[in-house]
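Let's take a walk through this protein together, starting with its helices and ending with its sheet. Keep the viewer open as you read.

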Amino acid sequence: MLLKEKGYKLTEQRQIIWNIMMESLGEHLSTKDIWEIARKKDHTLGVATVYRTLQIMDELGMVTSFDKRDELNKYELNTEGKSSVHPHLICMGCEKIIDVAENLLISESIVKIHNKYNFEIKDIRVKCYGICAECAGKTIK
Ligand SMILES: [Zn+2]
Ligand SMILES: [Zn+2]
């Protein structure tokens with residue numbers, strides 16, 4: 001457990017939050033979403049604890065925060081092989097977030113920008129806003 005290795009106390013509440021993140025692999029959860037699940041397991045668990053724990057996990061690279069400045073910030077579990085810089089499709093209808101697995105376009109842009117501006121990109125967040133198939137009443141082909 002990375003928290004312990006890095007010198008953080010692994011409290012029962014932090015463990016609960018971590019378990020929720022692991023169980024929701026591939027999902028994007030807000031602090032409130034996580035808090036609502038966590039509260040069922042420990043009703044004394046406050047939203048501030050969830051917030052702080054996620055911040056620590058984000059710093060340690062255990063989770064990725066979707067956008068820190070965004071009110072609708074969401075967290076997802078970091079997994080091996082899946083880049084945290086994958087693009088996201090955000091539905092303006094239901095606020096669903098869809099991961100785009102194909103990262104080729106972004107990798108190409110990073111190289112192009114580096115060549116032109118000599119700027120080394122460490123992090124890139126691509127968010128595409130639109131309407132999902134469900135909200136549009138269409139089926140995915
Ligand atoms: Zn939608
Ligand atoms: Zn994602």
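H2 passes H3 in a right-handed crossing (right-handed if the near helix is turned clockwise from the far one by less than a right angle, left-handed if anticlockwise). Before going on, note that this is a predicted model, where local features need pLDDT of at least 70 and side-chain atom pairs count only at pLDDT 80 or more, while totals for chains, interfaces and linings use all residues. Residues are numbered from 1 along each chain as its sequence is written, and chains are lettered from A and ligands numbered from 1 in the order in which they are written.

Back to that first pair. Two packed helices are described by the angle between their axes and the distance between the axes. For helix H2 (residues 12-23) and H3, the axes come within 10 Å and cross at roughly 125° (axes are lines fitted to C-alpha atoms, for helices over the stretch in contact, and angles run from 0 to 180 degrees between N-to-C directions). That angle is why H2 counts as oblique to H3; angles under 35 degrees are roughly parallel, over 145 roughly antiparallel, 65 to 115 roughly perpendicular, and the rest oblique. Who touches whom? On the H2 side, Ile16, Ile17 and Ile20 meet Ile34, Ile37, Ala38 and Lys41 of H3, a contact meaning C-beta atoms, placed from the backbone, within 7 Å. By class, these residues are six nonpolar, no polar and one charged (Ala, Val, Leu, Ile, Met, Phe, Trp, Tyr, Cys and Pro are nonpolar; Asp, Glu, Lys and Arg charged; the others, Gly among them, polar).

Now follow H3 (residues 31-41) to helix H4 (residues 47-59): their axes come within 9 Å and cross at roughly 120°. H3 is therefore oblique to H4, and H3 passes H4 in a right-handed crossing. Here Thr31, Ile34, Trp35 and Ala38 of H3 meet Val47, Val50, Tyr51 and Leu54 of H4. The tally for this contact is seven nonpolar, one polar and no charged residues.

Next, the sheet. Three strands form an open sheet in the order S1-S3-S2, with antiparallel pairing (two strands pair if DSSP finds at least two bridges between them). At the edges sit strand S1 (29-30) and strand S2 (63-65), each pairing on one side only. S1 runs antiparallel to strand S3 (residues 74-77), joined by two bridges; Leu29, for instance, has Tyr75 in S3 as its bridge partner.

Zooming out, the protein has five helices and six strands, where helices (H or I, at least four residues) and strands (E, at least two) are DSSP runs, numbered from the N terminus.

Technical notes: Two residues are in contact if their C-beta atoms, placed from the backbone, lie within 7 Å.
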